[in-house]
Amino acid sequence: MLFSGIPFLYYFLPAVLLLYFIAPKCLKNTVLLVSSLFFYAWGEPKIVLIMIASILVGYVSGLLIEAFRDSKEAFTTENASLRHKKTAKIVMIFSVIIQLGCLVYFKYMDFFIENFNNIFGLSIPLLKIALPVGISFYTFQILSYTVDIYRGEKAQKNPINLAMYIAMFPQLIAGPIVRYKDIASQLNVKGGLKLRYCKQGNKKFVFDRHETGRSVSFDDIAQGIRRFVFGLAKKILLANQLGELCDIFRASGDKSVLFYWVYAIAFALHIYFDFSGYSDMAIGLGKIFGFHFMENFNYPFVSGSVTEFWRRWHISLGSWFRDYVYIPLGGNRVPKWRWFMNIFVVWMLTGFWHGAAWNFIIWGLFFAVLLVFEKLCFLKVLEKKKILGHIYVVLAVLISFVIFNATDMREAGAYIGGMFGFAKVPVISAETLYYVRSYGVVLLLSLVGATPVMKKLMERLVQKKVCKNIIWILEPIGYVVLMLVMTAYLVDGSFNPFLYFRF
């Protein structure tokens, strides 16, 4: 089920919201869990069993790890304590192997078989297993939960709460990758939505205040709705149109140098608005239910270095690899050759996480080379030459996403060659100009929308009282109009895939 689909927007989501807010406190998490399982099973019911099995392994492992880690028997000796800790580590490793084994089997087994056949000249048949949607995301969440329990976090005793955290439909399919320790305190519900008076006497809608648990206010709900609609607009009005342009380019028999560059720009913007739009929708939905998920994008295209770009792009994935792979390998607190090796390992895995194909691995290693180059010497130059830094980042990102979206490295090489005039095509063609004119407005809006220009403009306008009052009146109308326009697009059956479903 797609967020940007009529069944979700006008049937599933209203029904879940109604059930959730009328349900008593003790059943709210159950409603979210059942709804999430239904959401996940919508396309293919069988794949939900894989996720349930992974959750059960994570739940039991967490309890065992905590039990052995904190074992306090009356006559425990020092040696016995060490044995308990070792047992906790064994359980943690066993759980990690099961989770990664499941991911490897469903996502990478055919890749390994195919390459094994190529190397040894064999013809072992491919398994051709359907990839469970979102398996890369929920597997990483279970892995982080298990490792964090081993590192000292408290295990979740309530299986419904843990299952709800992993299966929660707002972030289940494509992130952001939400870590258990970041929202552990939000898994319990504080109370029902009701009116409360603050000290100044102004009315405010909030949950009852208790020690732990999540709370929501009407302001949270309003912010969540705005964030969701904004993300939906990025997806339908920008990402989908840019995706159409990319498909037109790939099918075109009249390519030109300009068309290759238009394609590279369109795809980079397409994947940004597609994925950041989904993250906005997930964060917005989470806020409606009282959850506060981390930001996943922060205007990456304004970066002055590739290092900065990856602090702003897919933040939850980057921080996950940093905390669970890079730092355990030693990070930068090792000899220089080991440090650079750690960077290459992390970025090879980052590329491989995105897909079972060599172009994804090359894409990851491409960024590893740039990051090492920056750390050796180039970062200081970029800090002094800001304009050079922006040009370099944009060029590097465009090339990287051409590699990312290629069917194989031969096609990637042909497309990059076409961008730099090595293909036997004209610089400009009539077809290119036609599509530039047709999609010019979308491209311009996307280029502006990928920068914080509009955000800063709105912040300045809100500071003026007159503008603030006008915005306060017009904003709800604007969101309603946006929803009507987007609904018209969806009813019309417009181009509406979601790129990150394949990861």
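Contact means heavy atoms within 4.5 Å. Helices (H or I, at least four residues) and strands (E, at least two) are DSSP runs, numbered from the N terminus. This is a predicted model, in which local features need pLDDT of at least 70 and side-chain atom pairs count only at pLDDT 80 or more, while totals for chains, interfaces and linings use all residues. Residues are numbered from 1 along each chain as its sequence is written, and side-chain values use heavy atoms, with hydrogens and water left out.

**Helix H20**

Helix H20 spans residues 465-491 and has 27 residues. From first C-alpha to last, H20 reaches 39 Å, close to the 39 Å expected at 1.5 Å a residue. That expected span is 1.5 Å times one less than the number of residues in the helix. H20 bends by about 35° at Leu-474. The bend is the angle between axes fitted to the seven residues ending at a position and the seven starting there. A proline, Pro-476, follows within four residues.

Burial is set by relative accessible area: buried is under 20%, exposed over 50%, partly exposed in between (1.4 Å probe, protein chains only). The buried residues of H20 are Ile-471, Met-483, Met-486, Thr-487 and Leu-490. Their cover includes helices H1 (6-22), H9 (218-251) and H19 (453-463).

**The nonpolar core**

A nonpolar core is a set of buried Ala, Val, Leu, Ile, Met, Phe, Trp, Tyr and Cys residues joined through side-chain atoms within 4.5 Å. The largest one has 142 residues, and Phe-8 and Phe-169 have the most contacts inside it. Helix H10 (residues 257-288) supplies the largest share of this core, 18 residues. Beyond four places in sequence, Phe-169 touches residues including Phe-3, Phe-8, Phe-12, Leu-13, Val-16, Tyr-278, Leu-285 and Phe-289.

**Aromatic pairs**

Rings of Phe, Tyr and Trp (its six-membered ring) pair if their centres lie within 6.5 Å; planes under 30 degrees apart count as stacked, over 60 as edge-to-face and the rest as tilted. By this rule the count is 67 aromatic pairs. The rings of Tyr-272 and Phe-297 lie 5.8 Å apart at their centres, with planes at 80°, so this pair is edge-to-face. Tyr-272 sits in helix H10 and Phe-297 in the loop between H10 and H11, 25 residues apart. Both Tyr-272 and Phe-297 are buried. Trp-310 and Phe-367 also form an edge-to-face pair, with centres 5.3 Å apart and planes at 85°. This pair joins helix H11, which holds Trp-310, to helix H14, which holds Phe-367, across 57 residues. Trp-310 is buried, as is Phe-367.

**Individual sites**

| Residue | Relative accessible area | Class |
|---|---|---|
| Ser-144 | 0% | buried |
| Cys-246 | 4% | buried |
| Thr-307 | 9% | buried |
| Cys-377 | 44% | partly exposed |
| Lys-380 | 63% | exposed |

Ser-144 belongs to helix H5 (residues 135-151). Leaving out residues up to four places away, Ser-144 touches Tyr-165, Arg-179, Trp-320 and Tyr-324. Thr-307 is in helix H11 (residues 306-312). Outside its four-place sequence neighbourhood, Thr-307 contacts Leu-371, Glu-374, Lys-375 and Leu-379.

Lys-380 lies in helix H14 (residues 358-384). Its C-alpha is separated by 36 Å from that of Val-147, 233 residues apart along the chain.

A search of the whole structure for disulfides, meaning pairs of cysteine sulfur atoms within 2.5 Å, finds zero.
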